Structures are given as structure tokens and as C-alpha cells.
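Me: I would like to learn how to read a structure like this one, feature by feature. Could you take me through the general idea each time, and then the case at hand?

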Amino acid sequence: MTDTTGTTDLDAEDRKIVTLARSARARNGVAEGAAVRDETGRTYVAGTVALESLKLSALQTAVAMAVASGATSLEAAAVVSTADTPADADRAAVRDLGGPETPVLLAGPDGALRLRVTAG
């Protein structure tokens, strides 16, 4: 896991997925919002799913949406949360589709980047 905490200079595409993740969290009033970008540049945005019979984090949901839409790889993932680090299960979902070097960006509710790790 690579940690580059404090990195605030995101490129435009990474800023976009952080913004989309933040919007999903706020719009849906859920604990987390997430967005992933696939190998063609398409983005998938999701919030936490908390049903009695189904519980998925926002990032797991976004990865599932990408897979269901035919994505074969991921370029990057972002999650907006109050957590200090992405959950192991979230990083595993990103790794399954994108590989161990796929960047996972963690931003706070204000959209500020808190942590950048790899899915690995």
C-alpha cells in the first residue's frame, strides 16, 4: 500500500471522480460516496447500500456497477468518507477489477484529499 498523504494536486480526471463521489454522498444522504473510472474513461458513481438483505460500501457498489456495465479494468477509484483509511474490502474490490497498482483516493466530506493508496 502506497501512502502519499498530503498530496493535494490531483489531475482533472481524479478531481472529477472525487467531486462525483462527494456529490453522491451528499445527494443520497449516505455515509460514503464513491466513484470509479474504467479503462475507457467512463465513470460509475454510487453511495452506500444499506438494505436489510444487502449491505455494500459505496466503493463496492461503484465497482459492481462498472462490472455490470462491461468494464474490464479500472484506472482509479475515489471514496468520500469520514474514515481514516479505505476499508480492506473496498481496496480488494478495486484490486479485483483494476489490479494492485490502481490508485484509491480517500477524501473527507469537504472533498479534500486525505490519503492516496494503491489497491494492492
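Reply: Let us start with the overall layout: the chain has three helices and seven strands, and read along the sequence these follow the pattern α-β-β-β-β-α-β-α-β-β. The radius of gyration is 13 Å, close to the 14 Å that the globule rule gives for 120 residues, so the chain is as compact as a globular protein of that length. Along its principal axes, the C-alpha trace spans about 40 × 30 × 25 Å. Please keep in mind throughout that this is a predicted model.

Me: How high is the mean pLDDT of the chain, and over which residues does pLDDT stay under 50?

Reply: The general idea is that where pLDDT is low, the predicted coordinates should not be read in detail. Here the mean pLDDT of the chain is 93, and 93% of the residues reach 70 or more. The stretch to treat with caution is residues 1-7, where pLDDT stays under 50 and for which the model has 14 contacts beyond four places in sequence.

Me: Turning to the strands, in which sense do S1 and S2 pair, parallel or antiparallel?

Reply: Strand S1, residues 33-38, and strand S2, residues 43-47, pair in the antiparallel sense, over five bridges. Within that pairing, Ala-35 of the model stands opposite Val-45 in S2. The two strands form a hairpin with four residues between them, and in the turn Gly-41 has a positive phi of about 95°. Another glycine with a positive phi, near 100°, is Gly-70, which follows H2.

Me: How many salt bridges does the structure hold, and which residue forms one with Arg-116?

Reply: The general idea is that side chains of opposite charge can pair when their charged atoms come close. The structure holds five salt bridges, and one of them joins Arg-116 to Asp-14, with the closest N and O atoms 4.0 Å apart. That pair links distant parts of the chain, since Arg-116 sits in strand S7 (residues 113-118) and Asp-14 in helix H1 (residues 12-28), 102 residues apart. Both Arg-116 and Asp-14 are buried.

Me: And what are the surroundings of the salt bridge between Glu-75 and Arg-37?

Reply: In that salt bridge the closest N and O atoms are 2.8 Å apart. Glu-75 lies in strand S5 (residues 74-80) and Arg-37 in strand S1, so the pair ties together parts that are 38 residues apart in sequence. Glu-75 counts as partly exposed because its relative accessibility is 36%, while Arg-37, at 7%, counts as buried.

Me: How far apart are the closest N and O atoms of Asp-38 and Arg-42, and which residues are joined into one network by shared partners?

Reply: Asp-38 and Arg-42 form a salt bridge with their closest N and O atoms 2.9 Å apart. Asp-38 is buried, with a relative accessible area of 0%, whereas Arg-42, at 39% relative accessibility, counts as partly exposed. As for the network, salt bridges that share partners join Asp-14, Arg-37, Glu-75 and Arg-116.

Me: Which residues have the most contacts inside the largest nonpolar core?

Reply: In soluble globular proteins, nonpolar side chains tend to be buried together. In this model the largest nonpolar core has 21 residues, and those with the most contacts inside it are Val-36, Leu-59, Val-63, Ala-66, Leu-74 and Val-94. At least two residues of this core come from each of S1, S2, helix H2 (58-68), S5, helix H3 (88-98), strand S6 (103-107) and S7. H2 gives the largest share, five residues. Leu-74 touches, among others, Val-36, Val-63, Ala-66, Val-94 and Leu-97, not counting residues up to four places away in sequence. Apart from this core lies another, of 11 residues, among them Ala-35, Val-80, Leu-105 and Leu-113.

Me: Where does Pro-100 lie, and which residues does Pro-100 touch?

Reply: Pro-100 lies in the loop between H3 and S6, and is partly exposed, with a relative accessible area of 45%. Not counting residues up to four places away in sequence, Pro-100 touches Arg-95, Thr-118, Ala-119 and Gly-120. Pro-100 and Ala-119 are 19 residues apart in sequence and 4.9 Å apart in space, C-alpha to C-alpha.

Note on methods. Residues numbered from 1 in each chain as written. Predicted model: local features only at pLDDT ≥ 70, side-chain atom pairs only at ≥ 80, totals over all residues. Heavy atoms only, no water. Pairing = 2+ DSSP bridges. Salt bridge = Lys/Arg side-chain N within 4 Å of Asp/Glu carboxyl O. Buried < 20%, exposed > 50% of the residue type's maximum accessible area, 1.4 Å probe, protein only. Core = buried A, V, L, I, M, F, W, Y, C linked by side-chain atoms within 4.5 Å. Contact = heavy atoms within 4.5 Å. pLDDT = per-residue confidence, 0-100. Rg over C-alpha atoms; globule rule 2.2 N^0.38 Å.
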